[in-house]
Amino acid sequence: MSLVGKHLIDPGDFTLTEFDSVFQLAEKIIENKEDFSEICKGKILASLFYEPSTRTRLSFESAMLRMGGKVLGFSDANVSSTSKGESIADTIRVISSYADIAVIRHPKEGAPKLASKYSSIPIINGGDGGHQHPTQTLTDLLTIRTFKGSLQGISVAFCGDLKFGRTVHSLIKTLSRYPYNRFILISPRELRLPEHIKYSLDNQKTIEIIETEDLESVIDNIDIFYMTRIQKERFFNEADYVRLKDSYILNKEKLKCAKKDMLIMHPLPRVNEISYEVDEDDRAVYFKQAEFGVYVRMALMALLLGVYKNA
Amino acid sequence: MLKVESIHYGIVIDHITQGKGKRIFDKLNLEEVDYPVVLLRNVPSSKYGKKDIIKIENCIDIDMTMLGLIDPNITINIIENEKIIKKMKVEIPKEVHGLFRCKNPRCISNTELYSNPSFKLVRFNGTVEYICEYCEELTSYSL
């Protein structure tokens, strides 16, 4: 099995065995970071961010720098030729000759897929609109695997913006490929999980899907609590955002009813949906989750570039 | 009974659901062509009661995918020397490229010229639902 030259646009692009190979390498990197500090020497990552990002962009860039490679790119579409009207297809055809691998974040859904059709280097989807965010899924799965020891037979609650939350879309699609998982979808009616995502879930393997607006009624039977931010940038109407933005706030009081070993996860950035007081709770792993993002992206790029065998 | 001469070489689009003939005529841009065409409406049919028919002389190249989207009941007859040499049944297409747009305003296929909107058939329950290759949004297409 080899991931060399593949694109990662949708979590479905990788088999579960291929996911495992990424996690196993990430675990090796965590154990001994020094062994990997030169494996990308001479390699260049193109970091193409058409939309603001902190964690995803910096973790990709940190990952490449930690492996001895270099980074070029932009973090604002206004400083690229896109502002002159250049198409993504033309941009990526040119950048294919400047770099060895590229990560693309774009506000339009499907933009990384389009780029991959015109690219001669591996393309990684760094988040496309409200669609998918497969490397956040790698980060989330590595976190669950590390703290729970398994990716199957777990009750996972997704809370907040399930309509536009691309991290939710990628993660639930992937977790539905593992057997015996149960999903609890907690959101306002207007921000429910889209039909096309429900359609894409593997219902053969999933035990149950529950949809509710009431967080308190379900919090006592959850293994993983995945909170998300209500995303202002995805709303066409400001009034709708203001009405929904404080729908759910996780605090110490609500956590009293939760399992003692429930993991509290969040893809970050957080606004106010998890109170700061929860940060001190041993169950809160969102900062560790962000740290894992660097290691899993190191593993991913090393495998796509085919440099791991030299480590 | 209205009489229309048989054609020597071309195609007959038969068994069009009554009332859909004009739409297909328009979609195939038959107003613009310079070869003989005829649209017959409300023709008695033993199978359907009434049907529409389109006859096209001197042309056998038409978009079957588009016909399948509008009316999967259609039969295509290829005519040579006034005889049917091939009969084909159109089907609801499993894949559609460039015939309609994705309904998701955030989809890249609605803004980027290079992307040809492409869809795969995923469901069929009175409406035809297609999933967008780019954003995976479901787009319904009513028959």
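1. The structure under discussion is a predicted model. The values quoted in this note should be read with that in mind.

2. Fold of chain B. Chain B contains two helices and nine strands. In sequence order, these elements follow the pattern β-α-β-β-α-β-β-β-β-β-β. Along the principal axes, the C-alpha atoms of chain B fill a box of roughly 50 × 30 × 25 Å.

3. A backbone detail in chain B. Attention is drawn to B:His15, which has a positive phi of about 60° although this residue is not a glycine. B:His15 belongs to strand β1 of chain B, which covers residues 9-17.

4. Extent of the interface. How many residues does each chain bring to the contact? Chain A supplies 23 residues and chain B supplies 17. Together the two chains bury about 1900 Å², and 54% of this area is on carbon and sulfur atoms.

5. Polar and charged contacts across the interface. Three salt bridges are counted between chain B and chain A. The side of chain B that touches chain A is made up of eight nonpolar, three polar and six charged residues. A salt bridge joins the side chains of A:Lys117 and B:Glu133, with an N to O distance of 2.8 Å.

6. Salt bridges over the whole structure. Over all chains, the search finds 23 salt bridges. Side chains of opposite charge can pair when their charged atoms come close. A further pair to inspect is A:Arg93 and A:Asp90, which form a salt bridge with their closest N and O atoms 3.0 Å apart. Because A:Arg93 and A:Asp90 are three residues apart in helix α3 (residues 88-95) of chain A, about one helical turn separates them.

7. The largest pocket. The volume of the largest pocket is about 560 Å³. Its lining comprises 29 residues, and those closest to its centre are A:Arg105, A:Arg166, A:Arg229, A:Leu268 and A:Pro269. Which elements give two or more residues to this lining? They are α2 (55-66), α5 (134-148), α6 (166-175) and α10 (286-305) of chain A. The most is given by α10(A), with five residues. By class, the lining of the largest pocket has seven nonpolar, 14 polar and eight charged residues.

8. Two of the residues closest to the centre of the largest pocket, A:Leu268 and A:Pro269, are joined by a cis peptide bond with omega near 5°. A:Pro269 is placed in the loop between β9 (263-265) and α10 of chain A.

9. The largest cavity. The structure holds one cavity of 30 Å³ or more. The space in the largest cavity is about 40 Å³. Its lining consists of A:Gly160, A:Met227, A:Thr228, A:Ile230, A:Lys245, A:Tyr248 and A:Glu273. These lining residues divide into three nonpolar, two polar and two charged.

Terms used: Residues numbered from 1 in each chain as written. Chains lettered and ligands numbered in written order. Predicted model: local features only at pLDDT ≥ 70, side-chain atom pairs only at ≥ 80, totals over all residues. Heavy atoms only, no water. 1 Å grid on protein atoms, 1.4 Å probe; cavity = no way out; pocket = protein on both sides within 12 Å on 5 of 7 lines; lining within 4 Å. Points joined across faces, edges and corners; volume = space filled by probe spheres on them. Nonpolar A, V, L, I, M, F, W, Y, C, P; charged D, E, K, R; others polar. Contact = heavy atoms within 4.5 Å. Buried area = accessible area lost by both parts, 1.4 Å probe. Salt bridge = Lys/Arg side-chain N within 4 Å of Asp/Glu carboxyl O. Helix = DSSP H or I, 4+ residues; strand = E, 2+ residues; numbered from the N terminus.
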